Amino acid sequence: MYKFFTAEIIGNTSLNTCFKLLTLQPLSEIRIPQPGQFYMIQTGTACDPLLKRPFSIYSIQENRLSFLYRIRGKGTSSLSQLREGDRLQVIGPLGNSYPEPDGDFIAVAGGIGIASLFAFMSKYRRQAYLFYGAQNKDELVMLDAARELSKETFLSTCDGSDGCKGLITDELRDFLNRVIPARRPAQVYACGPVPMLRALSEITRSSGLSCYSSMEEHMACGIGACLGCMVKTVGGQKRVCKEGPVFNVEDIIW
Ligand SMILES: Cc1cc2nc3c(=O)[nH]c(=O)nc-3n(C[C@H](O)[C@H](O)[C@H](O)COP(=O)(O)OP(=O)(O)OC[C@H]3O[C@@H](n4cnc5c(N)ncnc54)[C@H](O)[C@@H]3O)c2cc1C
Ligand code: FES
C-alpha cells in the first residue's frame with residue numbers, strides 16, 4: 001500500500017549537466033520500497049507543474065530515499081532548481097517490483113533506465129552481468145558504483161565514446177553467442193526505451209531466457225485512477241502504474 005507524505009530535500013546534487021541525484025528525508029514514517037517500485041514526486045514548490053512525476057527508487061539508506069534523474073522537460077527542470085530544505089509532496093512506494101532472481105542474472109539498462117536497476121543490483125550485489133548502454137559517455141552515469149555492484153559490466157555508446165560502439169542489445173547478443181547455454185544466467189531484468197525493450201524481448205525469446213522489464217509510460221496520477229498509462233498485453237490493456245511497472249516481456253504486445 002502506498003502513502004502520501006511530505007519530504008524535505010537533503011541533497012539535489014548535479015552529476016553532470018543532465019543528471020542529478022535527489023535525496024529526500026520523509027517527515028513521517030514510510031513504507032520500505034522494493035527495487036522496481038517508484039514514487040510520484042512534486043517537482044516544484046508552488047502548484048506549477050501541477051502533476052507529480054514518476055521516479056524509480058534508486059536507493060534507500062536510513063529511511064532517506066534517493067532518486068537518480070535526468071533533466072528532460074518542465075517538471076525535471078523545475079526539480080533541478082530546488083534546494084536543500086525545500087519540501088515536496090510524495091506518493092509511494094507505487095507499483096510492483098522486480099521478481100527475485102534465481103542466482104546470477106543479466107541486467108540491461110538503456111540510459112536513465114539504470115536508475116531502476118541500481119536498487120535491484122544493490123539488493124543482489126555482484127550477481128548481475130550488467131549491460132549498460134547510452135547515447136554517449138556523458139550519459140553513462142554512476143559508472144564506478146555500477147561496476148562495484150555488478151559481477152561484470154559491459155558498456156556501449158551510440159557514438160563510441162565509451163564501451164563498444166552501437167546498441168547494448170548487440171553487446172548482449174554477442175555475449176549470449178559466446179557463453180554456452182548451461183553457463184548463462186536464465187533471467188534478464190531491464191529498464192530503458194521501448195525500442196531497446198522490444199529488441200530485448202526478441203533476443204530473450206529466441207534464447208529461451210525469461211525477461212522482466214520496467215515500462216516507462218507517461219503518468220498523470222500514478223495510482224491507477226486516470227487510465228493514462230495503459231500498455232497492451234496479451235491479457236488486455238494494463239495500467240503501468242498499478243499492474244506494472246514491471247512486466248514479463250512475453251506478456252507485452254510490442
Ligand atoms: C515508473 C517510472 C519510473 C521512472 N523513473 C525515472 C527515474 O528514476 N529517473 C528519471 O530520470 N526518469 C524516470 N522516469 C521518467 C520520468 O518520469 C520523466 O522523464 C519525467 O516525468 C519527465 O517530466 P518532465 O516534466 O521533465 O518532462 P516533460 O516536459 O513531461 O517531457 C519532456 C520529454 O520527456 C518525455 N517523457 C516524459 N515522461 C516520460 C516517460 N514517463 N517516459 C519516457 N519519456 C517521457 C516526453 O515525451 C518529452 O519528450 C520514470 C518514468 C516512469 C513511468
Ligand atoms: S497514471 Fe493514472 S492510471 Fe496510471
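**Pockets and a buried helix in a predicted model**

The lining of the second largest pocket draws at least two residues from each of strand S2 (19-26), strand S5 (59-61), S6, helix H2 (114-123) and helix H3 (143-149). Helices (H or I, at least four residues) and strands (E, at least two) are DSSP runs, numbered from the N terminus. The model is predicted: local features need pLDDT of at least 70, side-chain atom pairs count only at pLDDT 80 or more, and totals for chains, interfaces and linings use all residues. Residues are numbered from 1 along each chain as its sequence is written, and side-chain values use heavy atoms, without hydrogens and water.

A pocket is an open set of points on a 1 Å grid over the protein atoms alone, where a 1.4 Å probe fits, with protein on both sides within 12 Å along at least five of seven lines; lining residues have an atom within 4 Å of a point. S5 gives the most to the lining of the second largest pocket, with three residues. Thirteen residues line this pocket; Tyr58, Ser59, Ile60, Gln61 and Ser66 lie nearest its centre.

The largest pocket is lined by 41 residues. Nearest its centre lie Arg72, Ile112, Gly192, Pro193 and Glu216. Elements giving two or more residues to this lining include strand S6 (64-70), helix H1 (74-80) and helix H5 (194-207).

H2 is largely enclosed by the rest of the structure, because eight of its 10 residues are buried (under 20% relative accessible area, 1.4 Å probe, protein chains only). These are Ile114, Ala115, Ser116, Leu117, Phe118, Ala119, Phe120 and Met121.

Key
Chains are lettered from A and ligands numbered from 1 in the order in which they are written. Buried means under 20% relative accessible area, exposed over 50%, partly exposed in between (1.4 Å probe, protein chains only).
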